[in-house]
Amino acid sequence: MPLEEQDSPVSAEEERIRRLLKLRENREEKERTLLANLKSRRAELAELLESCSDHWGYEDPIYRFYHQSFKVFRLQAMTEKIVASLRDLLPEQPLNDWFLQIVAEGTGRSFTQETNADWLRQTRPMIEAFFHTRCMLEMAVRYGNLEAPPETLPSGWAAFLYLFNLR
């Protein structure tokens, strides 16, 4: 067997390992950048979390959903604001596809007579999108004080990393 053919499988495996190490290095660098951006914007993110956790930003919209009030539609603006703030933390990194699908299904909606006829199907995606975005915002604030990316990942930090496709 020629020498090149004997070395090929080992070289291919070494190349695969090199690519995986490079990918891991890039992820770790992005995670450090994300953490630095969280630290620098923590106060702003905490203020946003507070505004979507108070009576008018949290309790009232959920009540409006069950009350079948058109005012639940206002929740879309908060959802979009949260997404924009999260996206700005690592703008060069695409957000998780499932997260974006949930947000797309729960935003960009208008109140119509059809909405009244099929309230739950029309409005539940808005609540779901809000809950997901608010949860990610809460994780950003909660873990924004980490000194470095942790070796053992808390579930909330791991979920937050999934938002940026870093897990």
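T79 touches T107, M126, A129, F130 and T133, with residues up to four places away in sequence not counted; a contact here means heavy atoms within 4.5 Å. The model is predicted: local features need pLDDT of at least 70, side-chain atom pairs count only at pLDDT 80 or more, and totals for chains, interfaces and linings use all residues. Residues are numbered from 1 along each chain as its sequence is written, and side-chain values use heavy atoms, with hydrogens and water left out.

T79 sits in helix α3, residues 75-87. Helices are DSSP runs of H or I with at least four residues, numbered from the N terminus. T79 counts as buried because its relative accessibility is 0%. Buried stands for under 20% relative accessible area, exposed for over 50%, and partly exposed for values in between (1.4 Å probe, protein chains only).

Six salt bridges are present in the structure. The criterion is a side-chain nitrogen of Lys or Arg within 4 Å of a carboxyl oxygen of Asp or Glu. Side chains of opposite charge can pair when their charged atoms come close.

R64 and D60 lie four residues apart in helix α2 (residues 55-67), so about one helical turn separates them.

R121 pairs with D118 in another salt bridge, with 2.4 Å between the closest N and O atoms. R121 is exposed, at 52% relative accessibility. D118 is partly exposed, at 26%.

A further salt bridge links E138 and R142, whose closest N and O atoms are 2.7 Å apart. Both residues belong to helix α6 (residues 119-143); they are four residues apart, about one turn of the helix. E138 is partly exposed at 24% relative accessibility. R142 is also partly exposed, with a relative accessible area of 43%. R134 joins E138 and R142 in a network of salt bridges.

E47, E50, D54 and E59 form a negative surface patch. Patch members have over 30% relative accessible area and no salt bridge, and like charges are joined within 9 Å. Asp and Glu count as negative. The place of a charge is CG of Asp or CD of Glu. Accessible areas come from the Shrake-Rupley method with a 1.4 Å probe. E59 counts as partly exposed because its relative accessibility is 46%.

Methods
Helices (H or I, at least four residues) and strands (E, at least two) are DSSP runs, numbered from the N terminus. Patches are made of residues with over 30% relative accessible area and no salt bridge: like charges are joined within 9 Å, nonpolar side chains (Val, Leu, Ile, Met, Phe, Trp, Tyr) within 5 Å.
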